[in-house]
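The briefing that follows is meant to be read beside the sequence and the coordinates, and it is arranged by topic.

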Amino acid sequence: RALFRNSEFTFPHHDAQRRMRELIDVFGSDHVLFGSDFPFVMEHETYDDCAMLMYKMNMPLTVEQLDNLVYRTAEGLFGKWGEAGPGEEEAGAEEEL
């Protein structure tokens, strides 16, 4: 769920740190995906604030954990931004035939 929906505080939602820590401890940072809940987040904070939230929360995370939360887990699921995702290259090749 979006942090702004589960927080009693405005950005950067300091009370959400405990929940994030629990998720990371239970599932591992490589199984937690951070998202913005766009466009609904725009009613509560700027998109830039949301994009930088994991950095501004100042949680005690390793660089690897932070990278996993912010982009590495998503890349594993969807592929790198601007590149074909898993299985998309084959579909694109069939369309060209």
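At 62% relative accessibility, Val26 counts as exposed, because exposed means over 50% relative accessible area, whereas buried means under 20% and partly exposed covers the range in between (1.4 Å probe, protein chains only). Val26 has its place in helix α2, where helices (H or I, at least four residues) and strands (E, at least two) are DSSP runs, numbered from the N terminus. The model is a predicted one, in which local features need pLDDT of at least 70 and side-chain atom pairs count only at pLDDT 80 or more, while totals for chains, interfaces and linings use all residues. Residues are numbered from 1 along each chain as its sequence is written, and side-chain values use heavy atoms, with hydrogens and water left out.

**Overall make-up**

- The protein has 6 helices and 0 strands, and from the N terminus on its elements run α-α-α-α-α-α.
- Of the 97 residues in the protein, 31% are buried.
- The accessible surface of the protein comes to about 7,100 Å², and 54% of this area belongs to carbon and sulfur atoms; accessible areas come from the Shrake-Rupley method with a 1.4 Å probe, and for residues only the protein chains shown count as cover.
- Among contacts (heavy atoms within 4.5 Å) between residues at least 6 apart in sequence, 62% join residues at least 24 apart.

**Nonpolar surface patch**

- Val26 forms a nonpolar patch on the surface with Leu23 and Phe27, and the accessible area of these residues together is about 300 Å².
- Patches are made of residues with over 30% relative accessible area and no salt bridge, like charges being joined within 9 Å and nonpolar side chains (Val, Leu, Ile, Met, Phe, Trp, Tyr) within 5 Å.

**Nonpolar core**

- In soluble globular proteins, nonpolar side chains tend to be buried together.
- The largest nonpolar core holds 14 residues, of which Met54, Met57, Met59, Leu61 and Leu69 touch the most other members; such a core is a set of buried Ala, Val, Leu, Ile, Met, Phe, Trp, Tyr and Cys residues joined through side-chain atoms within 4.5 Å.
- At least two residues of this core are supplied by each of α2 (17-27), α4 (53-56) and α5.
- Leaving aside neighbours within four places in sequence, Leu69 is in contact with Ile24, Ser29, Val32, Leu33, Phe34, Met54 and Leu61.
- Met59 is found in the loop between α4 and α5 and is buried, with a relative accessible area of 10%.
- With neighbours within four places in sequence again left aside, Met59 is in contact with Gln17, Met20, Arg21, Ile24 and Met54.
- The C-alpha atoms of Met59 and Arg21 are separated by 8.1 Å, although these residues are 38 apart along the chain.

**Salt bridges**

- Side chains of opposite charge can pair when their charged atoms come close.
- A salt bridge is a side-chain nitrogen of Lys or Arg within 4 Å of a carboxyl oxygen of Asp or Glu, and by this rule the count comes to 3 salt bridges.
- Arg18 and Glu22 meet through their side chains at 3.3 Å, N to O, and they are separated by about one helical turn because they are 4 residues apart in helix α2.
- Arg18 counts as exposed at 53% relative accessibility, while Glu22 is partly exposed with a relative accessible area of 40%.
- Arg21 forms a salt bridge with Asp25, with the closest N and O atoms 3.2 Å apart, and both residues lie in helix α2, 4 residues apart, about one turn of the helix.
- Arg21 is partly exposed, with a relative accessible area of 22%, whereas Asp25 counts as exposed at 54% relative accessibility.
- Arg72 and Asp67 meet in a salt bridge through their side chains (3.5 Å, N to O); Arg72 is partly exposed at a relative accessible area of 35%, and Asp67 counts as buried at 18% relative accessibility.

**Thr73 in helix α5**

- Thr73 is found in helix α5 (residues 63-78) and counts as buried, at 12% relative accessibility.
- The side chain of Thr73 reaches the backbone oxygen of Asn68 at 3.0 Å.
- Not counting residues up to four places away in sequence, Thr73 touches Ser29, Asp30, His31, Val32, Leu33 and Asn68.

**Met52 in a loop**

- Met52 lies in the loop between α3 (47-51) and α4 and is partly exposed, with a relative accessible area of 38%.

How values were computed
A polar contact is a pair of N or O atoms within 3.5 Å; within protein, one must be able to donate a hydrogen and the other to accept it, and residues adjacent in sequence count only if both atoms are side-chain atoms.
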